[in-house]
Amino acid sequence: MSDLQDLYQDMILDHNKRPRNRRALDEANRRAEGYNPLCGDRVTVFVRLEDNVVKEATFEGSGCAISTASASLMTEAVKGKTLDEAKALFKKFHKLVTGGAVETAEGPGLGKLEVFSGVCRYPARVKCATLAWHTVNAALEEHDSEEPKVTTE
Ligand code: ZN
């Protein structure tokens, strides 16, 4: 149980209970849908991108606590970031939850997102934690064409 408590840290529980930015975004100019068949998590990510800066990011969807909290924290993390910064953040986060080496002496430099560091010990949960990130990454790479669909499989 202590291991699980370690995984489900307060911040994750809080963001699951009260997700931030959980709504559709009418003024979005990028969006993508993600699905994690392993757990049944679904997420739609909405992004308003202006001059290569994420002005707003929101999500809708339903899934387990980890996927909901991760989507909530992701929308907070990417807001105000440039396209390149948001993509770099995705790569860092992915590395964190898959147990990749930390590059700097100060740690991963991911702030709040580091609450997900315990996820790397639960391989089945990695996809829950990264779903919203894969999805926002797809939304940011979209070029006005049809809506991309992401699946973690
Ligand atoms: Zn899940």
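This is a predicted model: local features need pLDDT of at least 70, side-chain atom pairs count only at pLDDT 80 or more; totals for chains, interfaces and linings use all residues.
Student: How many salt bridges does the count come to?

Tutor: Let's start with the rule: a salt bridge is a side-chain nitrogen of Lys or Arg within 4 Å of a carboxyl oxygen of Asp or Glu. By this rule, the count comes to eight salt bridges.

Student: Is Asp14 buried or exposed, or something in between?

Tutor: Here are the cut-offs: buried means under 20% relative accessible area, exposed means over 50%, and partly exposed is in between (1.4 Å probe, protein chains only). Asp14 has 25% relative accessibility, so this residue counts as partly exposed.

Student: How many residues apart in sequence are the parts that Lys112 and Glu76 tie together?

Tutor: Lys112 and Glu76 form a salt bridge, their closest N and O atoms being 3.1 Å apart. Lys112 lies in the loop between helix H4 (83-97) and helix H5 (123-141), while Glu76 lies in helix H3 (residues 65-78), so the pair ties together parts that are 36 residues apart in sequence. By the way, helices (H or I, at least four residues) and strands (E, at least two) are DSSP runs, numbered from the N terminus.

Student: Which residues are the protein donors of the zinc ion?

Tutor: Donors are N, O and S atoms within 2.8 Å of the metal (3.2 Å for Na, K and Ca), and water is not among the atoms, so sites may look incomplete. Here the donors follow the spacing C-x1-D-x22-C-x63-C along the chain. They lie 2.2 to 2.7 Å from the zinc ion, and the residues are Cys39, Asp41, Cys64 and Cys128.

Student: Where in the chain are Asp41 and Cys64, and how many residues apart are they?

Tutor: Asp41 is in strand S2 (residues 41-50), and Cys64 is in the loop between strand S3 (53-62) and H3. This pair links distant parts of the chain, and the separation is 23 residues.

Student: Are Asp41 and Cys64 buried or exposed?

Tutor: Asp41 has 0% relative accessibility, so it counts as buried. Cys64 has a relative accessible area of 16%, and is likewise buried.

Student: Which side chain makes a polar contact with the side chain of Asn36?

Tutor: Asn36 lies in strand S1 (residues 30-36), and with 0% relative accessibility it counts as buried. A polar contact is a pair of N or O atoms within 3.5 Å; within protein, one must be able to donate a hydrogen and the other to accept it, and residues adjacent in sequence count only if both atoms are side-chain atoms. At 2.9 Å, the partner of Asn36 is the side chain of Thr152.

Methods: Residues are numbered from 1 along each chain as its sequence is written. Side-chain values use heavy atoms; hydrogens and water are left out.
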